[in-house]
Amino acid sequence: MIPLLEVSALTKRYGGLLACNDFALSVMPGSLHALIGPNGAGKSTAIGLLSGEIVPDLGHIRLDGADITKIAMPARVKQGLTRSFQITSVLPHFTALENVAIVAQIRAGHSFRCWGDARRDRDLTDPARAMLDRVGLGARAMTRAEDLAHGEQRQLELAMALMTGARMLLLDEPMAGLGQTESQDMTALLAALKGSVTILLVEHDMDAVEALADRVSVMVAGHVIAEGSFAEMRADPAVRAAYLGEAA
Amino acid sequence: MTLLFEQLLNGLQYGVTLFLLAAGLTLVFGIMGLINLAHGSLYMIGAFVAARTQAATGSFLLAVAAGMSVAAVVGMAMEATILRRLYARDHLDQVLATFGLILFFNEAMAMIFGRQPMMAAIPDFLSGAVTFIPGVPYPIYRLAIIAVGAVVAAILYGLIVHTRIGMLVRAGATHREMVRALGVRIGLLYTLVFGLGALLAGLAGAMVGPLLSVQVGMGDRILISTFVVIVIGGIGSIRGALAGAMLVGMVDTLTRAYLPTMLKMVMASTEADGLGAGLSSMASMILMAVVLIVRPRGLFPAHG
Amino acid sequence: MANLGRKRIMLALLAMLLTGLPYLADRLAMPDLVSLGTQIAIYAIAAIGLDLLIGYTGLSSFGHAGFFGLGGYVVGILAFHAAEGTAFVGLVPGATEAWVAWPAAILVSALAALAIGALSLRTSGVSFIMITLAFAQMLFYLFVSLKTYGGDDGLGFRRRNGLPWINPRDDVAFYYVCLLVLMIVLALCHRLVRSRFGLVLLGIKQNERRMAAIGLDATRYKLAAFTLAGAIAGLAGALQANLLRFVSPDMLHWTTSGDFMVMVVLGGVGSLVGPVFGAAAMVLLQSWLAQWTEHWMIVMGPVLVAVILLTRRGIWGALGGRG
């Protein structure tokens, strides 16, 4: 079996700072792979590089065997690689339903179509409604995104990412800013998704990582220093040293 | 060939004028995040006040001082009353409000000084010419402008590398929150920075009086050239402003000097004059288009 | 709901007022009202095009007058060559018929917008504002330098473009033509902003990075919107040339671009109807102030500053309308 996402020797330098240094990672299809590390380890840069928002100086990214290193973000999404954002990033003036329906629209193409009321296009709204139900937002479909609670916005964010039809999801701290109950809900939601879509999860919430991850990679100073099961990582002396002083 | 040397110096001198304007505009944008269309109006005010002062007193130095200080005072008053309310607004609101200010200042100048263009005299101590190359005398006055520009560039460089204000510029517009953490009196600091920009605009206006006719609307045309300079150099960067100003100054001056002659080889003389003038006005924008294709963020993009 | 009702009433009143304007002008013995009304309709068309950019795509273009003037010059230059019996650059013969000249104006403006947009959209934010301004000013210098077509002084022509069944000398008929064009543009844009294309534009305005993350190559859509806005401005410019039977570089001057932006913001960004109110307010305010003093801009400038500082949603927003 070949990895769905395979990253080798990825390097990105900002002036004197090596944000990503010979970064390597393999995510097997159907797995949930967690990427953890202390603040400033370069996890967000890694997500940016993998999603195509940032151009690497060196290295290769392969999706299902095909080299996508030089492909821009929108084209990577079309190939099945989608990211979510650490800072909630929805379309604030659209309703929850419109937020998801526009993803369905972009996926379908035809966005140059200039006639017809897109908000009443059932080809778009039906799958969007189904997706909102799936993430537990069905009852909030007609609420403007900016009026949703923070936890609901995170659910919406996930619904949008899923609606792209992604095979490979890059989730950048989906628990960020969530309360304890909301975190548990999100963990349950991700657990339900497991298997149907491959996920690379960047997360600080170690309870969630422990509950969800099949494999864990630990990133320090732009480099993956160790990889294995959650239990192995917890026992690894190098990992413990890196996390010393961090509430892990 | 001798003409070329003269034109290169002319280009340098026009570049210096553009730099004085671009530096202030890009400083204000870099620190306060404000796009100020009325910057050209400050240049115009400096020019009018200087020309009138010189006519009244006969003193060129007094005239320059008056032009600079009136521009600075008007600029700071404008900042304290109107512009500071715009810092938190989007760029569209900033553009429209400062567009309103341009309408006001243009009309105010017309009412105070009239619509007839004014011409200032070159002061005695800067009149005459020096001869670098035998047979090619060059006006001392234009050399003086170049010298002033060099001094200002050096002062700005020192300011940016060695002071707190400079640190703010280098940090860029995206780090404005950091500024608040420094605990300086932000309101006053902003007013002073704006005053500095206005002072430079006023200086530029006061110095061009003896070279160009001083008239209503003179600020608008140079404002657009200044925008071209900033886009070419990279917005928010003083170094970019300097490089962009020199490039635009040269390209504009050289095309203006040589394009009509070249066109006359291929078309009728009157047509060539008109088209040559038009094309040389467009030349800096064409340069901007080329820079955009190669480097969308300008030659010296600011951080962030 | 009260807002919706009030919005409908305001729209109905506006439609009645515009339709009955020539009658009103006749009864009040104010023939100038018809040309003022025509001017409002034409500016409104151009401003609606700009609102597609500012209000629906989040692109603050400061070069709209470039395309407006270009459309006007297409009409003027075609009329000039028709009168002279010559051809533009020796190839394109002149034309005086609207069905030739107006589509030509739309096409030329759209092509110019496509080229300028392709360059300008490489940047965003303040740079985009400055660059669109500079490119429009480049077109301005181009027409100033074309002595064949009058240069600084502009280019006049004798009669309006021919339209079937319409007397080109009849100002009232021309007013209704412009009003009809305005209605058509409004209706089409109303459809457009609700379509798939329109939603994509609204999405780009709200969060372009997010749109890229769900697989949208935003640049193509922004360029399409920019081109469309240019085409609409070109149409408005063609009408403007017909209104005055005269075109000049003033049409492309950067202050005209500023005026269009003011109309959009004054009327209410992102509402399509707002720019109509904005155009009306601008034209009426200017003509009213100009009666008082030749220095009307000394009032207009501060009024503009006050409006921007004190109001947020424009005239249409204040009337309770939205979207």
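Chain A has nine helices and 10 strands, and before I go on, please keep in mind that this is a predicted model. How much of chain A is buried? Of its 248 residues, 44% count as buried. The C-alpha trace spans about 60 × 40 × 40 Å along the principal axes of chain A. For 248 residues, a compact globule would have a radius of gyration near 18 Å, and chain A agrees, because its own value is 18 Å. If we take the contacts in chain A with a separation of 6 or more, 67% of them come from residues 24 or more positions apart.

Now let's see where chain C meets chain A. Here 21 residues of chain C are in contact with 29 residues of chain A. Which elements of chain C give two or more residues to that side? They are H7, helix H8 (196–206), helix H9 (208–213) and helix H10 (218–244) of chain C. The most comes from H8(C), with six residues. By type, this side of chain C has 10 nonpolar, five polar and six charged residues.

Let's stay with chain C and look at a helix pair inside it. Helix H3, residues 32–54, and helix H7, residues 171–194, have axes that come within 9 Å and cross at roughly 20°. An angle under 35 degrees counts as roughly parallel, so that is the term for H3(C) and H7(C). Their crossing is left-handed. If you want to find the contact on screen, the residues on H3(C) include Val34(C), Ala41(C), Ile45(C) and Leu52(C). On H7(C), look for Phe174(C), Tyr175(C), Leu182(C) and Cys189(C), among others. The residues of this contact divide into 17 nonpolar, three polar and one charged.

Last stop, chain B, with another helix pair. Helix H2 (residues 39–57) and helix H8 (residues 186–208) of chain B have axes that come within 7 Å and cross at roughly 45°. That angle makes H2(B) oblique to H8(B). Is the crossing of H2(B) and H8(B) left-handed or right-handed? This one is right-handed. From H2(B), the residues that meet H8(B) include His39(B), Tyr43(B), Gly46(B) and Ala50(B). Their partners in H8(B) include Ala198(B), Gly202(B), Gly205(B) and Val208(B).

Technical notes. Residues numbered from 1 in each chain as written. Chains lettered and ligands numbered in written order. Predicted model: local features only at pLDDT ≥ 70, side-chain atom pairs only at ≥ 80, totals over all residues. Axes fitted to C-alpha atoms, helices over the stretch in contact; angles between N-to-C directions. Helix = DSSP H or I, 4+ residues; strand = E, 2+ residues; numbered from the N terminus. Parallel < 35°, antiparallel > 145°, perpendicular 65-115°, else oblique. Left-handed = near helix turned anticlockwise from the far one by under 90°. Contact = placed C-beta atoms within 7 Å. Nonpolar A, V, L, I, M, F, W, Y, C, P; charged D, E, K, R; others polar. Rg over C-alpha atoms; globule rule 2.2 N^0.38 Å. Buried ≥ 20, exposed ≤ 12 C-beta atoms within 10 Å, placed from the backbone.
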